[in-house]
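Open the model in your viewer and keep the selection panel at hand.

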Amino acid sequence: MDIRQKKAQLDKEGYCVIPDVLDAETVETVRAKLWGAAEKSEKRGVPTRNIGLDPNEHNVRVFNLIDLDPVFIDLIRHPLATDIVSHLLGGSFLISNFTANIALPGSKSMALHSDQGIVVPEPWFQPWSINIIWCLNDVRAENGATRFIPGSQTVAWRKDLPKDARERLVPFEAKAGSIIAMDGRVWHTSGANVTEDEERALLFGYYSKSFIRPQQNWNAALSPETIAGLDEEMQERLGLGAAANVELGRPLVQA
Ligand SMILES: O=C(O)CCC(=O)C(=O)O
């Protein structure tokens with residue numbers, strides 16, 4: 001696999017799929033830990049179903065993965081993931097969120113959106129955020145693959161979205177163990193899982209330029225034990241330090 005080619009595709013088409021990032025055994029381990037994290041979240045009083053994002057209870061949403069199992073810390077800082085993120089956003093980025101959506105049989109499609117549009121107002125001229133989607137199952141149309149509008153990373157204004165936007169959606173296809181890198185400006189939605197018994201578990205590692213406030217307030221979301229176990233780099237990526245918006249402060253005008 002030529003990673004330069006994948007990055008070029010991300011630049012040009014707004015996405016790329018990188019296969020075989022996790023081997024089959026690791027995928028199974030992470031999938032089991034994800035279900036464990038869902039249970040832990042429920043025990044903490046953070047519900048995972050019917051939280052208002054999806055049309056019915058067949059989606060399982062798990063938030064704050066970083067606080068639920070160390071395996072998710074390894075994934076959010078995975079060298080290949082952060083290499084792709086820094087390719088698109090530049091070196092100064094923050095971890096904005098890390099969540100899961102398990103689409104079970106009977107789940108339906110959510111509202112069409114772009115993730116950048118959720119964190120900054122239009123116009124969206126540049127890539128300021130990116131999702132690294134970890135596939136824990138084979139992903140295909142029938143089991144509810146994420147559906148996206150090809151080329152929609154060039155839509156700067158909501159009014160420029162095509163009238164038939166939903167008809168233009170196409171499903172990603174990827175094997176378990178792949179990652180899908182998706183420019184934050186790409187318009188997309190979850191698919192409907194129409195299978196009898198197939199699960200579709202995806203993790204969404206979301207990163208944004210460091211001048212954008214992360215979706216999760218990590219200072220409030222992470223337990224002291226989790227924070228104590230993080231090294232300096234992770235603390236910085238999560239915006240846990242006292243300094244903020246240093247990126248824009250750096251190029252001070254010379255006298
Ligand atoms: O689960 C999916 O396929 C998409 C989820 C998504 O776009 C979201 O939660 O914002």
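Start with the ligand and with Arg200. This is a predicted model, and in it an N or O atom in the side chain of arginine 200 is 2.7 Å from an oxygen atom of the ligand. The protein covers 90% of the 300 Å² of accessible area that the ligand has on its own.

A polar side-chain atom of histidine 113 lies 2.9 Å from a ligand oxygen atom. For histidine 188, an N or O atom of the side chain is 2.9 Å from an oxygen atom of the ligand.

Which residues are around the ligand? They are Arg61, Asn101, Met110, His113, Asp115, Thr146, His188, Ser190, Arg200 and Phe204. Colour this shell by class: five of its residues are polar, three are charged and two are nonpolar.

In which pocket does the ligand sit? The ligand sits in the second largest pocket, which holds about 380 Å³ of space. This pocket is lined by 19 residues, and those closest to its centre are Arg61, Thr99, Met110, His113 and Asp115. To see the elements that give two or more residues to this lining, select strand 3, helix 5 (115-119), strand 9 (187-189) and strand 10 (200-209). By class, the lining of the second largest pocket has 10 polar, six nonpolar and three charged residues.

Move on to the largest pocket. About 580 Å³ of space lies in it. Its lining comes from 27 residues; select Leu94, Glu236, Gly239, Ala243 and Ala244 to find the ones nearest the centre of the largest pocket. Two or more lining residues come from each of strand 3 (93-103), helix 6 (218-221), helix 8 (232-237) and helix 9 (246-249).

Which element gives the most to the lining of the largest pocket? Select helix 8: with four residues, helix 8 gives the most. Colour this lining by class as well, and the largest pocket shows 12 nonpolar, nine polar and six charged residues.

As a last stop, select strand 3. This strand gives two or more residues to the lining of the largest pocket, and strand 3 also gives two or more to the lining of the second largest pocket, where the ligand sits.

Methods:
Residues are numbered from 1 along each chain as its sequence is written. This is a predicted model: local features need pLDDT of at least 70, side-chain atom pairs count only at pLDDT 80 or more; totals for chains, interfaces and linings use all residues. Side-chain values use heavy atoms; hydrogens and water are left out. A residue is near a molecule or strand if one of its heavy atoms lies within 4 Å of it. A polar contact is a pair of N or O atoms within 3.5 Å; within protein, one must be able to donate a hydrogen and the other to accept it, and residues adjacent in sequence count only if both atoms are side-chain atoms. Accessible areas come from the Shrake-Rupley method with a 1.4 Å probe; for residues, only the protein chains shown count as cover. On a 1 Å grid over the protein atoms alone, a cavity is a set of points where a 1.4 Å probe fits but cannot get out, and a pocket is an open set with protein on both sides within 12 Å along at least five of seven lines; lining residues have an atom within 4 Å of a point. A molecule sits in a cavity or pocket if more than half of its atoms lie within 2 Å of its grid points. Ala, Val, Leu, Ile, Met, Phe, Trp, Tyr, Cys and Pro count as nonpolar, Asp, Glu, Lys and Arg as charged, and the others, Gly among them, as polar. Grid points are joined across faces, edges and corners, and a volume is the space filled by probe spheres set on the points.
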